[in-house]
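These are my notes from going through the model, entry by entry.

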Amino acid sequence: MKITVCIGSSCHLKGSRQVTEQLQYLISHNNLKDKIELAGTFCMGNCQNGVCVTLDDKLYSLTPENTTEFFEKEVLPHV
Amino acid sequence: MRKFDTKVQHLKYKVLREVARLAWDDRLLENITDIPKIIVPGKIPTMRCCIYKERAIVTERVKIAMGGDKSNPNVIEVIDIACDECPVGGYEVTAACRGCLAHRCEDVCPRGAITFGPNHEAHIDKTKCVECGRCASVCPYGAILDFKRPCERACKVKAISMSEDKTAAIDNSKCISCGACIYQCPFGAISDKSFILDVIDMIKKSEGSKKYKVYAIIAPSISSQFKYAKLGQVVTGIKSLGFHTVVEAALGADMVAYAEAAELAEKGFLTSSCCPAFVDYIKKQFPALAGNISHNLSPAATIAKYIKGTDPNAKTVFIGPCTAKKMEFQKEEVRPYIDSVITFEELQALFDSRDLDITSMEEGVLDNASYYGRIFARCGGLADAVAEGLKEQNIDFQVKAVSCDGIEACRTALLKASKKVLDANFIEGMACIGGCIGGAGCLTHGEKNKAEVDKYGQEAYEKTISDAISVLKKD
């Protein structure tokens with residue numbers, strides 16, 4: 001499973017660092033480091049809906065506030 | 001609106017713009033011979049002896065705009081027929097000499113080269129003169145002038161001399177491609193080869209980011225450029241040209257500062273590797289010190305490498321103030337990461353070749369790097385960032401930096417280092433005066449540029465290097 005967080009300027013200003021940090025924490029907290037690859041990319045071309053995150057190829061729009069919810073609902077059940 | 005410092009830059013820009021305009025439309029080959037007439041339309045010469053010479057020179061400029069002489073590895077090129085063959089006499093006494101009594105010129109001359117004629121006017125014996133210039137500085141009438149070619153005077157590494165046919169000649173074994181001569185030649189007879197055609201081709205073949213994405217990596221010195229518009233509008237303009245997105249080279253600078261701090265602590269003495277002209281200078285003039293050059297890639301190459309790591313099909317174009325970068329990206333160790341390099345001058349030409357009025361565009365955002373990555377653009381910034389890098393990593397190492405403003409200051413520091421009498425453990429070398437903001441590819445060079453860079457640095461969302469680069473770390 002691969003999670004890609006947009007770290008382009010627009011998403012960065014909307015909190016992609018905080019989203020990344022939370023995901024890093026959640027992945028290691030759940031001992032999923034060998035199952036989930038966390039990556040960054042510059043701009044997914046969907047700046048209005050940042051922070052843009054893809055889970056495999058599905059696009060999500062996250063904020064630092066709903067990152068944990070996303071992880072619990074979309075990531076954990078499918079690992 | 002004033003976009004450039006000089007009319008020479010403006011002329012170069014017009015040629016680039018016309019070449020680009022035709023290239024976008026795939027009409028360059030059939031219409032290339034029309035360009036000289038577009039640039040020099042009238043029957044009355046405005047620059048040279050006749051319009052035919054003007055057009056002949058424009059033809060040469062077109063060649064350089066298309067990549068220039070492929071057999072010459074240097075990106076800095078002399079346009080022979082544009083060189084006005086300026087006098088090369090050195091210090092000479094002019095008619096302003098009044099034949100005074102004081103003879104300060106004679107007193108100050110260390111070689112006894114000053115003699116006096118029948119009307120008491122001074123003469124300089126060229127067999128004795130060592131061109132120190134002291135006589136010129138003490139003459140109360142300013143009657144002694146230095147007839148040195150502006151290109152030679154600009155070239156502090158002494159790579160320019162007069163060829164047999166009296167035109168300027170560049171010694172590639174000494175030239176560091178800093179571009180100082182380009183900016184200083186009043187006739188525009190020296191120019192940097194342009195890769196705009198490669199960039200246009202790259203953008204066109206990307207088919208609107210469908211085939212692959214073209215990333216623009218912009219240098220932090222952009223904050224002192226395009227002052228007629230807002231930085232966010234420049235970003236939107238770059239995307240309108242067909243680039244997928246715009247990334248700050250300053251984020252690469254954050255990565256470099258972090259790594260270079262650790263490298264410095266480990267090795268104990270280091271010279272910076274950010275300025276390609278400085279690196280080239282060490283290799284050419286101080287090869288014994290080459291082992292001390294930081295092993296980090298430059299900020300631009302570092303971020304380009306990262307981008308290619310996230311997107312293997314990506315193409316990257318560095319946009320900056322630097323002509324030496326046009327040499328750097330062709331090096332074996334950088335070629336895999338940076339696909340092409342253009343200057344701010346060339347970016348302006350690209351905007352106008354597409355008739356993009358960036359002042360009417362929406363403001364995009366540009367925010368990847370920290371304050372420290374951004375201030376790399378000015379002299380002293382890199383040393384500050386390395387000190388911060390040490391602090392943030394809790395490395396117990398006291399950095400004692402010497403920030404060299406311009407290649408002459410670099411030379412002084414390197415000479416001391418080679419004799420082991422330099423009172424510093426880190427040399428920040430910037431070939432251009434002021435740092436990157438003094439680069440030859442800048443549209444304008446102003447006194448406020450340093451303040452603009454600092455302001456841009458303070459506006460960064462991330463305040464520390466660690467925060468800026470934390471998003472780049474992979475688990």
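Which strands of chain A does helix H2 lie across, and at about what angle to E1(A) does it run? I looked this up before anything else, bearing in mind that the model is predicted. Helix H2 of chain A, residues 16-29, lies across E1, E2 and strand E3 (52-55) of chain A. Its direction is at about 160° to E1(A).

**Sheet of chain A**

I then traced the sheet under that helix. It is an open sheet of four strands with mixed pairing, and I read the order as E2-E1-E3-E4 in chain A. Strand E2 (37-41) and strand E4 (58-61) of chain A are at the edges; each has a single partner strand, so one side of each has no neighbour in the sheet.

I checked one pairing in detail. Strand E1 of chain A, residues 2-6, runs parallel to E2(A), and five bridges join the two. As one residue pair, I picked out Thr4(A), whose bridge partner in E2(A) is Ala39(A).

**Chain A as a whole**

I counted three helices and four strands in chain A. Along the sequence they follow the pattern β-α-α-β-β-β-α. The radius of gyration is 11 Å, close to the 12 Å from the globule rule for 79 residues, so chain A is as compact as a globular protein of that length. Taken along the principal axes, its C-alpha atoms fill a box of roughly 30 × 20 × 20 Å.

In chain A, the peptide bond from Gly50(A) to Val51(A) is cis, with omega near 5°. I placed Val51(A) in the loop between E2 and E3 of chain A. In chain B, Lys158(B) has a positive phi of about 55°, although it is not a glycine. Lys158(B) belongs to the loop between helix H7 (150-154) and strand E6 (160-162) of chain B.

**Chain B as a whole**

For chain B I recorded 20 helices and 15 strands. Its radius of gyration is 24 Å, close to the 23 Å that the globule rule gives for 475 residues, so chain B is as compact as a globular protein of that length. The box filled by its C-alpha atoms is roughly 85 × 65 × 40 Å along the principal axes.

I went on to the domain assignment, which gives domain 1 (1-66), domain 2 (74-86 + 151-193), domain 3 (90-147) and domain 4 (196-470) of chain B. Between the centres of domain 3 and domain 4 of chain B, taken over C-alpha atoms, I noted 45 Å.

**Interface**

How many residues of chain B are in contact with chain A? I found 18 residues of chain B in contact with 19 residues of chain A. On the chain B side, the elements that give two or more residues are strand E10 (245-248), helix H13 (299-310) and helix H20 (465-470). By class, I logged eight nonpolar, five polar and five charged residues on this side of chain B.

**Confidence**

I closed with the scores. The model has ipTM 0.92 and pTM 0.93. The average pLDDT of chain B is 95, and 99% of its residues score at least 70.

Definitions and conventions:
Residues are numbered from 1 along each chain as its sequence is written. Chains are lettered from A and ligands numbered from 1 in the order in which they are written. This is a predicted model: local features need pLDDT of at least 70, side-chain atom pairs count only at pLDDT 80 or more; totals for chains, interfaces and linings use all residues. Domain bounds come from an automatic or database domain assignment. Two residues are in contact if their C-beta atoms, placed from the backbone, lie within 7 Å. Ala, Val, Leu, Ile, Met, Phe, Trp, Tyr, Cys and Pro count as nonpolar, Asp, Glu, Lys and Arg as charged, and the others, Gly among them, as polar. pLDDT is the predictor's confidence in each residue, from 0 to 100. Two strands pair if DSSP finds at least two bridges between them. Axes are lines fitted to C-alpha atoms, for helices over the stretch in contact, and angles run from 0 to 180 degrees between N-to-C directions. The radius of gyration is taken over C-alpha atoms; the globule rule is 2.2 Å times the number of residues to the power 0.38.
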